[in-house]
Amino acid sequence: MSIIMTIVSVSICSGIAIYIKYHSPHIAYVRNEYLIENFDGMKEAQKAFDVKFQGQRNYLDSLGVIYKTAQAAYASSKDKTTETNLRQMQAQLIQYNNYYKAITDEEDKKMTEQVLNQVNGYIKEYGDKNGYDLIEGTTNGGNILYGSTSMDITEELLKAINRMYKGKK
C-alpha cells in the first residue's frame with residue numbers, strides 16, 4: 001500500500017508542478033514614459049500640435065517685442081500717455097498669454113488622451129496576441145518597485161506598436 005501511496009503522491013506533485021509551469025500567469029512590464037515618448041503616433045501628434053500653434057506663439061512673441069519697445073520708450077520719455085498705453089498693452093499681453101495657455105493646455109490634454117487610448121488599444125492587442133495575462137506599467141510614481149529586466153518588454157512592445165500604428169495609418 002505504501003508503494004501505491006508513494007506513486008499517487010509523486011503523480012499528484014508532478015501534475016501540480018506541470019500545471020504551475022504551463023499555467024502560471026504570463027506577466028511583464030513596460031516603462032510607460034519611454035514607451036509614450038518614443039511611440040511614432042505621439043511624435044507625429046506632437047509635431048502636428050507644434051505646427052497648429054506656431055502662429056499663435058509667433059504672435060505672442062511679437063506682442064512681447066512691441067511691449068518691450070514701448071517699455072523702453074516710456075523709460076526715456078516718462079510721458080503719461082505712453083504710461084497709459086503701456087499698462088493697456090501689458091494687460092492685453094497677459095490676457096492673450098492666459099488665453100493661449102488655456103487653449104494649448106486643453107489641446108495638449110486632448111492630444112495626449114487620444115494617443116494614450118491608441119497605445120492602450122495596441123497594448124491590449126499585443127497582450128492578447130502574445131498570451132500575456134498582465135502587462136504592468138512603470139511610472140515615476142513607482143507603482144513597480146522592482147522588476148527583473150527579463151520581464152521588461154518595453155523595447156519589443158514599442159517596435160510592435162509602431163508597426164501596428166504604421167499598418168493602421
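Biologist: Which residue forms a salt bridge with lysine 166?

Modeller: This is a predicted model, in which local features need pLDDT of at least 70 and side-chain atom pairs count only at pLDDT 80 or more, while totals for chains, interfaces and linings use all residues. Residues are numbered from 1 along each chain as its sequence is written, and side-chain values use heavy atoms, with hydrogens and water left out. A salt bridge here is a side-chain nitrogen of Lys or Arg within 4 Å of a carboxyl oxygen of Asp or Glu. With its closest N and O atoms 3.3 Å apart, the partner of lysine 166 is aspartate 40.

Biologist: How many residues apart in sequence are the parts that lysine 166 and aspartate 40 tie together?

Modeller: Helices (H or I, at least four residues) and strands (E, at least two) are DSSP runs, numbered from the N terminus. Because lysine 166 lies in helix H5 (residues 154-168) and aspartate 40 in helix H3 (residues 40-77), the parts that the pair ties together are separated in sequence by 126 residues.

Biologist: Is aspartate 40 buried or exposed?

Modeller: Buried means under 20% relative accessible area, exposed over 50%, and partly exposed in between, with a 1.4 Å probe and protein chains only. Lysine 166, at 57%, is exposed. Aspartate 40 has a relative accessible area of 17%, so this residue is buried.

Biologist: Which residues are linked with Glu107 in a network of salt bridges?

Modeller: The side chains of lysine 52 and glutamate 107 meet at 3.1 Å, N to O, and because lysine 52 lies in helix H3 and glutamate 107 in helix H4 (residues 80-129), this pair ties together parts that are 55 residues apart in sequence. Glutamate 107 also forms a salt bridge with lysine 110, the closest N and O atoms being 3.9 Å apart, and these two both lie in helix H4, three residues apart, about one turn of the helix. Glutamate 107 is partly exposed at 23% relative accessibility, whereas lysine 52 counts as exposed at 52%. The residues linked with Glu107 in the network are Lys52 and Lys110.

Biologist: Which residues is valine 119 in contact with, leaving aside its neighbours within four places in sequence?

Modeller: Contact means heavy atoms within 4.5 Å. With those sequence neighbours left aside, the contacts of valine 119 are Leu35, Ile36, Phe39 and Ile161.

Biologist: In which strand does threonine 138 lie?

Modeller: Threonine 138 is buried, with a relative accessible area of 17%. Leaving aside neighbours within four places in sequence, its contacts include Tyr29, Val30 and Ile144. The strand that holds threonine 138 spans residues 134-138 and is S2.
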